[in-house]
Amino acid sequence: MTRMEPDRTEQLTIEAARSHLLTRAGERGVALEVFAQRQSSTSVQAFGGEVSEFKLANRQGVGLRALVGGAWGYSFSENLSRPALDRALDSAVENAELTAPERGAALVAWGEPPALDLYGEGLSGVTVEQKVGVALALESAAKGADARVTSVAYGGYQDGDVHGLIANTQGLERQDAQLYAMQYVYPLVSEDGQTKMSGDWQFTREFTDLDPTRTALSAVEKATRLLGARPAPSGTFPVVFSGECLAELLMLFSPMFSGRMVEEGKSPLAGRLGDSIASPLVTLVDDATLPRGLSSRAFDAEGCPSAPLTLVDAGRLSAFMHNQDTAARAGTVSTGHASRHGYQGTVGVGPSNLMLRAGETPTAQVTAGLTGVRVTGVSGGHAGANPITGDFSLEAEGFWFEGGTEQHPLEVFTVAGNILDVLAGIEAVGDELEWSEWSAGAPAVRVGALGIGGS
């Protein structure tokens, strides 16, 4: 009887590719991790009552991480034929042999992760026409909401259907499925020669939860509130940050809580575990297990189970985020914060759903008696925020308050300070959490003083 040889040109599934690679690694005595994804996505943009852009994308691939002599070697392949996978394994091993060993480097067969439903009902019953309809409905609703809407600069729909797996030669096997649908709209409004733009968005795991009209009306309300803006004063004033704005700031500075940044001496929080670094009103948590979180996951990029992690507990620095390697070198255990930008990326440390816990002050009371600025948005974070020092100088939008009453919107101005000073200076924390589209949440907070640079 003649044994059938496998078809060498056949494209394997990611599951079969995993099995092939682990078998080959076992035969060669190579310690190997396989990270694989299969993803389909849709992107629709509308402009002028028509679809201006429509994209359907499907991709899959495997990322390999070989551990040789304490050093990591990476490679990836989107060609899932057996010869291509064998070459990717060769490359990972060769790259490891050219790399310096890292103390604490190890592959681990982690315990079981929590059960999370991040897939919902799926998108199989959702037609292309329905997705296009969301994008068109957003634009139509925004244009019809107010006569001052001159156009919709950005508006559209996105979704993603991602199946992933992680396995290693220590016996770990993980797989998950995630789905999301998202809509966004940014209308331009104009009055008396002044033009402003703002927007809103909605993220969900269930397509049927999308509400284009609600999102469009909210976006128009945000944009029209900015009309009539006056120049901002310069000086130091009490400030109230909206929850969404503070959330953006927190995500910009999340690297200072990374165990890798601490290890490399790039975090101002290095050596300060247990110290008081913020107001007692501040409790900062990273929680990947939120069912509706933008960056929820049952396990991290190494397969380590996810669990809530309190970084700052009532003002005291209580933890850093770690993956397996940084934890080993710090003499602790992984917190489930290994991150990886797809199968082409390398393993680092990163947050999931970062949030400052809501407080007890009714949100409407956070601005009580305020004579100063309510900051509702910041921009320019990539150039104007330094997570190594905590310093920031960012363009901002907001409103001037006197005696707790909103007076008028402000022209674009600058806020400058240090995030640790902001956290230490928090005097009141609102009771409603707002989320930014960068997976961070916070309530409105009041800060005693912050530098404002007006025009």
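**Entry 1: Asn 323.** I looked up Asn 323 and found that, at 2% relative accessibility, this residue counts as buried, where buried means under 20% relative accessible area, exposed over 50% and partly exposed in between, with a 1.4 Å probe and protein chains only. I note here that this is a predicted model, in which local features need pLDDT of at least 70 and side-chain atom pairs count only at pLDDT 80 or more, while totals for chains, interfaces and linings use all residues. Residues are numbered from 1 along each chain as its sequence is written, and side-chain values use heavy atoms, with hydrogens and water left out.

Asn 323 lies in the loop between strand 11 (316–317) and helix 7 (324–330); helices (H or I, at least four residues) and strands (E, at least two) are DSSP runs, numbered from the N terminus. I then asked which residues Asn 323 is in contact with, leaving aside its neighbours within four places in sequence. With contact meaning heavy atoms within 4.5 Å, I found Arg 260, Glu 302, Ser 334, Ala 338, Val 347, Gly 348 and Val 349. A polar atom of the Asn 323 side chain lies 2.9 Å from the backbone nitrogen of Thr 326, and the backbone oxygen of Gly 348 lies 3.1 Å from a polar atom of that side chain.

**Entry 2: helix 3.** I traced helix 3 (residues 128–145), whose 18 residues reach 26 Å from the first C-alpha to the last, close to the 26 Å expected at 1.5 Å a residue; the expected span is 1.5 Å times one less than the number of residues. Its buried residues include Val 132, Leu 138 and Glu 139, and the buried residues of helix 3 pack against strand 1 (31–47), strand 2 (50–68), strand 4 (149–168), strand 5 (173–191) and helix 4 (212–224).

**Entry 3: strands 5 and 6.** I followed strand 5 to its partner, strand 6, and saw that the two pair in the antiparallel sense over four bridges, given that two strands pair if DSSP finds at least two bridges between them. Val 189 stands opposite Lys 196 in strand 6, and in the hairpin, which has two residues between the strands, Asp 192 takes a positive phi near 50°. Strand 6 (residues 194–197) has Gln 194 and Lys 196 on a covered face, and Thr 195 and Met 197 on an uncovered one.

**Entry 4: the whole protein.** I noted nine helices and 21 strands, and that 51% of the 455 residues count as buried. The C-alpha trace spans about 90 × 55 × 35 Å along its principal axes.

Key: Polar contact = N/O pair within 3.5 Å; in protein donor to acceptor, adjacent residues only side chain to side chain.
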